[in-house]
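Colleague: I am new to this structure and should like to learn how to read it. Might we go through it feature by feature?

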Amino acid sequence: MTQNHPPEAHAAPGLEARLSRLEAQLATLAEAVRALAHGLENIPSQDTPPEEAARGARLAHELLLSKGL
């Protein structure tokens, strides 16, 4: 006689790995959003050059690329 185990019982190790990967991706995404937001904090003016926004966008893009996102 075989026992019927719920599918979750066999998938737990895989789910844990996926959850860890998702947490790491979320942390990277949050860091990229912070970099982008920092670059956009100030409205471009004579005192704040538009290069600051571009720098934030570039940093956010590099962060995402470095993590394969």
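Modeller: Let us begin with one residue. Leu64 lies in helix H2; please bear in mind that the model is predicted.

Colleague: Is Leu64 buried, partly exposed or exposed?

Modeller: The reading rests on relative accessible area: under 20% is buried, over 50% is exposed, and anything in between is partly exposed. Leu64 has 23% relative accessibility and therefore counts as partly exposed.

Colleague: Which residues does Leu64 touch, if those up to four places away in sequence are not counted?

Modeller: Leu64 touches Thr28, Leu29, Ala32 and Leu69. Distance in sequence and distance in space should be read separately: Leu64 and Glu31 are 33 residues apart in sequence, yet their C-alpha atoms are 9.0 Å apart in space.

Colleague: Where is Thr28 found, and what is its relative accessible area?

Modeller: Thr28 is found in helix H1, which comprises residues 7–40. Its relative accessible area is 8%, so Thr28 is buried. Beyond its neighbours within four places in sequence, Thr28 is in contact with Leu63, Leu64, Lys67 and Leu69.

Colleague: What span should helix H2 have, and how far apart are its end C-alpha atoms?

Modeller: The expected span of a helix is 1.5 Å times one less than its number of residues. Helix H2 has 16 residues, 51–66, so it should span 22 Å; its end C-alpha atoms are 22 Å apart, which agrees.

Colleague: Which residues of H2 are buried?

Modeller: Ala53, Gly56, Ala60 and Leu63 are buried in H2. They cover an arc of only 90 degrees around the axis, so they are on the same side of H2. The face turned away from that buried side carries Leu65 and Ser66, which are exposed.

Colleague: What follows H2?

Modeller: H2 is followed by Gly68, which has a positive phi, near 75 degrees.

Colleague: How many helices and strands does the protein have, and what share of its residues is buried?

Modeller: The protein has two helices and zero strands. Of its 69 residues, 13% are buried. The protein exposes about 5,900 Å², with carbon and sulfur atoms supplying 60% of that area.

Terms used
Residues numbered from 1 in each chain as written. Predicted model: local features only at pLDDT ≥ 70, side-chain atom pairs only at ≥ 80, totals over all residues. Heavy atoms only, no water. Helix = DSSP H or I, 4+ residues; strand = E, 2+ residues; numbered from the N terminus. Buried < 20%, exposed > 50% of the residue type's maximum accessible area, 1.4 Å probe, protein only. Arc of directions from axis to C-beta. Areas by Shrake-Rupley, 256 points an atom, 1.4 Å probe, with all protein chains shown as cover. Contact = heavy atoms within 4.5 Å.
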